[in-house]
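Thanks for making time this morning. I would like to walk you through a few local features, and I will give the cut-offs as we go.

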Amino acid sequence: GRAGSMAVTRWGPVAPAPIVLLHGWMDCGAAWQLLVDCLPDEWPLLAVDWPGYGRSARRVDHYWFPEHFAELDWLLDEISPHAPVRLIGHSMGGTVASMYAGIRPGRVAWLVNMEGFGMPALPPEQLPGLVAGWLDSLRALPAARRYADLEELTAALMRAHARLPVAHARFLARAWTRPVAGGFEMLADPHQQLRTPIRYARADVEACWAGAVAPQLLLCGAESAHAGNVLGADGLARLRQLMPKLSIESIAEAGHLLLHEQPQRVAGVITRFVAAQA
């Protein structure tokens with residue numbers, strides 16, 4: 001990567017332009033396995049660990065959201081310098097992918113975005129408090145999250161995500177951690193938990209979305225409140241106006257972690273979308 005090594009996980013045949021999988025906050029590339037198991041075996045897939053996640057190098061000081069655009073730009077130049085790429089992203093990864101599709105419209109062939117809406121609008125009067133909170137967090141840096149055993153994390157995941165099957169929760173607990181003395185520690189750099197003083201205005205995000213030309217599929221968890229919290233009550237209708245090539249599908253019995261909660265349903269919708277692009 002631009003600032004140290006970036007780890008990748010590959011599935012399927014080796015191809016000059018694999019489908020790139022971009023994970024969300026506190027997740028990692030290897031955790032795409034649950035969805036990959038439900039996708040066609042002949043698809044060439046490459047999942048990246050963002051810096052500070054999984055097996056990728058950690059930064060020495062901070063993580064700024066705009067750096068994800070630079071990391072993705074570098075990665076795509078490495079793996080597919082001459083052909084547009086196909087992107088599948090979840091949450092933070094979906095936000096990065098969907099904005100990048102408008103920033104570099106010629107580099108994206110098609111895009112699947114799962115619950116990647118960016119951050120909620122921040123009223124200007126809240127900015128001083130946001131920056132103050134960031135300054136305070138720099139004085140007491142977070143420690144890595146630790147669990148006595150994987151069942152403790154499994155139980156925590158199931159409390160937070162009611163639709164997550166226990167077998168999938170156990171898989172994520174193992175994928176997201178490494179063994180340490182006395183238990184297990186989250187792989188993600190604890191600095192990823194710091195507050196950030198950088199926020200985009202919603203108009204900035206929408207300008208990026210409006211610049212995209214590639215066909216896009218947006219997947220929402222039917223039981224997720226994320227879209228409403230970020231976009232507002234009429235947010236999805238506004239997205240359709242901004243992106244004429246956008247298809248929106250709701251995944252039944254799924255929340256924000258739809259790809260881990262309902263991988264079979266998610267894979268079916270993605271497969272149909274991809275077939276329509278051929």
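Phe69 is buried, with a relative accessible area of 11%, where buried means under 20% relative accessible area, exposed means over 50%, and partly exposed lies in between, using a 1.4 Å probe and protein chains only. Please keep in mind that this is a predicted model, in which local features need pLDDT of at least 70 and side-chain atom pairs count only at pLDDT 80 or more, while totals for chains, interfaces and linings use all residues. Residues are numbered from 1 along each chain as its sequence is written, and side-chain values use heavy atoms, with hydrogens and water left out.

How many aromatic pairs does the structure hold? There are 3, and rings of Phe, Tyr and Trp, the last by its six-membered ring, pair if their centres lie within 6.5 Å, with planes under 30 degrees apart counted as stacked, over 60 as edge-to-face and the rest as tilted. In one of them, the ring centres of Trp64 and Trp134 are 6.1 Å apart and the planes stand at 55 degrees, so this pair is tilted. Because Trp64 lies in the loop between β3 (45–48) and α2 (67–79) while Trp134 belongs to helix α4 (residues 127–139), the pair ties together parts that are 70 residues apart in sequence; helices here are DSSP runs of H or I with at least four residues, strands are runs of E with at least two, and both are numbered from the N terminus. Trp64 itself is partly exposed, at a relative accessible area of 22%. The rings of Phe65 and Phe69 have centres 5.5 Å apart and planes at 85 degrees, so that pair is edge-to-face. Phe65 is partly exposed, with a relative accessible area of 22%.

Let me turn to helix α3. Of its 12 residues, 11 are buried, so α3 is largely enclosed by the rest of the structure. The buried residues, among them Met92, Thr95 and Tyr100, pack against β2 (19–22), α2, β4 (85–90), β5 (108–114), α7 (202–210) and β9 (216–221), contact meaning heavy atoms within 4.5 Å.

The last stop is Thr177, which lies in strand β7. Is Thr177 buried or exposed? Thr177 is buried, with a relative accessible area of 9%. Its side chain reaches the backbone oxygen of Ala173 at 2.7 Å. Leaving aside residues up to four places away in sequence, Thr177 touches Leu150, Leu153, Phe184, Glu185, Met186 and Leu187.

Terms used
Polar contact = N/O pair within 3.5 Å; in protein donor to acceptor, adjacent residues only side chain to side chain.
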